[in-house]
Amino acid sequence: MKPSREISGDGRFVRQPNRFTDRLGPPEPGRYRLYASYACPWAHRVLIVRRLLGLEDLLDVTIVDPIRDEKGWRVPGGDPEYLSELYHATDPGYTGRYTVPCVWDTHEKRLVTNDFPQITLDLEMSWGTSPDLYPERLRPDIEIMNDRLYHGLNNAVYEAGFARDQQAYEEAVARVFTTLDHLEVRLAESAYLFDTLTESDVRLYTTLARFDTVYYPHFKCMVRRLTDYPALWAYARRLHAIPAFGETTDFDHIKRHYYMTQTGINPSRIVPVGPELDWSL
Ligand SMILES: N[C@@H](CCC(=O)N[C@@H](CS)C(=O)NCC(=O)O)C(=O)O
């Protein structure tokens with residue numbers, strides 16, 4: 001399924017619902033396999049949390065090829081050849097997009113979940129609890145923040161990039177920069193979004209990491225760059241310096257994926273050179 005099937009009558013991008021929404025049971029070494037892409041911000045969240053919580057031995061991972069063709073994500077090594085095979089093995093009538101992140105149960109041979117916002121929460125609540133990225137005392141505030149991040153930034157950049165209507169595009173871009181302006185003020189006074197590193201920081205980071213390289217030029221979110229925001233840029237680099245964040249950030253995969261796969265936006269499939277960004281602290 002192409003994003004064009006997720007364009008509403010007035011040209012807005014309306015993301016498909018997640019099809020597989022079972023919750024992850026308790027960890028069992030060797031049982032669950034995460035399929036992820038370094039390019040995808042939603043999958044990147046899970047790679048960061050898996051690493052932060054030290055779950056590498058409990059949750060196996062397969063990184064898909066960054067360039068997606070009309071058959072969807074290809075699995076290096078070929079078992080299966082395409083991610084779509086896992087979707088059809090679980091639901092032969094599935095007609096949606098074959099998305100990462102998703103978690104495959106190797107015992108029951110089915111996809112447990114492609115419900116990206118819930119996967120990290122499940123890992124935090126029952127797979128590994130240190131550091132506590134979802135502290136009980138902050139949960140209501142984290143939920144409000146996550147909602148704001150999703151509608152104002154994480155998904156809004158896609159709404160701008162995939163819009164087929166000028167007004168829909170402008171409305172999404174306005175939301176993006178209102179949100180970034182607000183976050184700039186907040187992060188000028190605080191190292192993290194809350195008084196400790198949380199799930200919300202993971203969600204913010206994966207969008208910021210792609211901002212100047214992809215969302216600014218390719219999705220046309222070009223009112224300001226991330227590097228024009230002193231506090232946000234310092235915050236992004238601070239997180240990038242943490243190995244779980246920096247070592248899961250792959251700009252080669254990110255660039256090749258967006259520019260070579262989203263041919264509706266970039267028909268030439270040319271991958272731009274630059275921008276030169278110094279992510280070091
Ligand atoms: N599960 C969500 C979000 C995950 C998502 O969109 N992942 C993208 C990569 S960033 C994907 O796998 N897209 C596959 C496709 O569009 O065919 C959805 O269904 O929209």
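In the predicted model, a polar side-chain atom of R15 is placed 2.9 Å from an oxygen atom of the ligand, a polar contact being a pair of N or O atoms within 3.5 Å. Of the 500 Å² of accessible area that the ligand has on its own, the protein covers 94% (Shrake-Rupley method, 1.4 Å probe). The ligand is surrounded by 15 residues, of which Q16, N18, C40, W73 and R97 are the closest, a residue being counted if one of its heavy atoms lies within 4 Å. This shell comprises eight nonpolar, four polar and three charged residues, with Trp and Cys counted as nonpolar and Arg as charged.

The chain is divided into domain 1, residues 3–127, and domain 2, residues 136–251, with bounds from an automatic or database domain assignment. The contact between them takes 25 residues from domain 1 and 28 residues from domain 2 (heavy atoms within 4.5 Å), and their C-alpha centres lie 22 Å apart.

An unreviewed UniProt entry places the feature "domain: GST N-terminal" at residues 39–123, an annotation that may be inferred rather than shown by experiment. This span is 32% helix and 14% strand, and its end C-alpha atoms are 21 Å apart; helices (H or I, at least four residues) and strands (E, at least two) are DSSP runs.

Residues are numbered from 1 along each chain as its sequence is written, and side-chain values use heavy atoms, without hydrogens and water. Because the model is predicted, local features need pLDDT of at least 70 and side-chain atom pairs count only at pLDDT 80 or more, whereas totals for chains, interfaces and linings use all residues.

Notes:
A polar contact is a pair of N or O atoms within 3.5 Å; within protein, one must be able to donate a hydrogen and the other to accept it, and residues adjacent in sequence count only if both atoms are side-chain atoms.
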